[in-house]
Amino acid sequence: MPKLFVGMKVFRKTADLKAYLKGRKNVGFVPTMGALHEGHLSLIKRCADENETCVVSVFVNPTQFNDKNDLKNYPRTEEADLALLRSNGCDAAFLPSVDEIYPEEDTRVFNFGAIADVMEGVRRPGHFNGVAQVVSRLFDIVKPERAYFGEKDFQQIAIVKEMVRQLGFAVEIVPCPIVREESGLAKSSRNTLLSADEKEKAALIYRTLRESVNFASEMTVAQVKKWVVDTINANPIMEVEYYEIVDGRTLQSIEKWSDADYVVGCITVYCGEKRIRLIDNIAYKI
Ligand code: AMP
């Protein structure tokens, strides 16, 4: 039955959101950092479809930024975000201040083991600890039945699932496919920091990943990795930080294609004059 649309509520205080959610059972939740685009909206629409109440948070979480400049430059577009939330089925938007989420410093240190000791986990020290801090705080407030996360942040989904297991949250984590520009570039809030020309050139990342899938039958894992890195680095405005081909369940690098039955290639590339950090991934075997 279609939901009766009664207009979206906007909350800035935890206590007010909690009062609104009290007694509600079927709550779906999408945590975001705002600067919303089609990628976010796919999660929000799905959340609105699958739950009686759809809650979306917009919060640029300082504890997950290991680079202060990145935090300062992160795009903030509150008015546009609220308009998009209103027109995409969100029932309750939560836009807390930093003090509201962290009335005192969060000193918790999580131990996620091997899944955190690779890729983003080693390149961005403290990043996943900050993600776990904020997502666990938000889950405590919203108490969702389901929470929606994008597969663009492939490692983040594994971390959130492990955090849920460790802390015993009764929430289903729902992974959602990557939404792309027509050019294939994965949609990202950070894309707005690229010039039009850089954005066009950044399509090379996914084009290369996709092409590399065709080579998997005739090349070794190491050869495919090298081909991807060399092809992208051949463009002077790009620099690959890493390309790892991993077991999609353990996130550990594989040496042979037969080492895992679910194989994913995860890439991070610095792009353009401002060296914007872009991430993407592709499945070789599902
Ligand atoms: P962020 O605002 O970057 O923290 O992202 C909020 C959520 O949206 C995360 O679960 C992301 O993985 C997801 N997301 C961001 N970009 C995309 C995309 N292009 N396709 C699908 N999900 C996305």
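# Around the ligand and beyond

A backbone N or O atom of Lys187 lies 2.8 Å from a nitrogen atom of the ligand. That is a polar contact, meaning a pair of N or O atoms within 3.5 Å. Within protein, one atom must be able to donate a hydrogen and the other to accept it, and residues adjacent in sequence count only if both atoms are side-chain atoms. The model is predicted, so local features need a pLDDT of at least 70 and side-chain atom pairs count only at pLDDT 80 or more, while totals for chains, interfaces and linings use all residues. Residues are numbered from 1 along each chain as its sequence is written, and side-chain values use heavy atoms, with hydrogens and water left out.

Now look at the shell. There are 17 residues around the ligand, and Met33, His40, Asp153, Val179 and Lys187 come nearest. A residue is near a molecule or strand if one of its heavy atoms lies within 4 Å of it. By class, the shell has eight nonpolar, six polar and three charged residues. Here Ala, Val, Leu, Ile, Met, Phe, Trp, Tyr, Cys and Pro count as nonpolar, Asp, Glu, Lys and Arg as charged, and the others, Gly among them, as polar. Three elements, β2 (27–32), α2 (38–50) and β5 (146–150), each supply at least two residues of this shell. Which of them gives the most? It is α2, with three residues. Helices (H or I, at least four residues) and strands (E, at least two) are DSSP runs, numbered from the N terminus.

Next comes a strand residue. Thr268 lies in strand β8, residues 263–271. Is Thr268 buried or exposed? Its relative accessibility is 0%, so Thr268 counts as buried. Buried means under 20% relative accessible area, exposed means over 50%, and partly exposed is in between (1.4 Å probe, protein chains only). A polar contact of 3.0 Å joins the side chains of Thr268 and Glu120. Thr268 also touches other residues, including Glu239, Tyr242, Arg277 and Ile279, not counting residues up to four places away in sequence. Contact means heavy atoms within 4.5 Å.

Turn to the aromatic rings. A pair of aromatic rings is described by the distance of the centres and the angle of the planes. Rings of Phe, Tyr and Trp (its six-membered ring) pair if their centres lie within 6.5 Å; planes under 30 degrees apart count as stacked, over 60 as edge-to-face and the rest as tilted. A search of the whole structure finds nine aromatic pairs. Take Phe59 and Tyr102: their ring centres are 6.4 Å apart and their planes are at 50°, so the pair is tilted. This pair links distant parts of the chain, 43 residues apart. Phe59 sits in the loop between β3 (53–58) and α3 (68–73), and Tyr102 in the loop between α5 (98–101) and α6 (120–123). Both Phe59 and Tyr102 are buried.

Phe215 and Trp227 make another pair. Their ring centres are 4.7 Å apart with planes at 85°, so this pair is edge-to-face. Phe215 belongs to helix α10 (residues 203–215) and Trp227 to helix α11 (residues 221–233), 12 residues apart. Phe215 is buried, with a relative accessible area of 18%. Trp227, at 23%, is partly exposed. Elsewhere, Phe29, Phe139 and Phe169 form one aromatic cluster.

Trp257 lies in the loop between β7 (238–247) and β8. At 17% relative accessibility, Trp257 counts as buried. The side chain of Trp257 reaches the backbone oxygen of Ala216 at 3.2 Å. Among the residues it touches are Met219, Val224, Ile245 and Tyr284, not counting residues up to four places away in sequence.

Finish with the backbone. Most residues other than glycine have a negative phi. Met119, however, has a positive phi near 45°. Met119 is in the loop between α5 and α6, and it is buried at 3% relative accessibility. Leu251 has a positive phi too, near 65°. Leu251 is in the loop between β7 and β8, and it is buried, with a relative accessible area of 1%.
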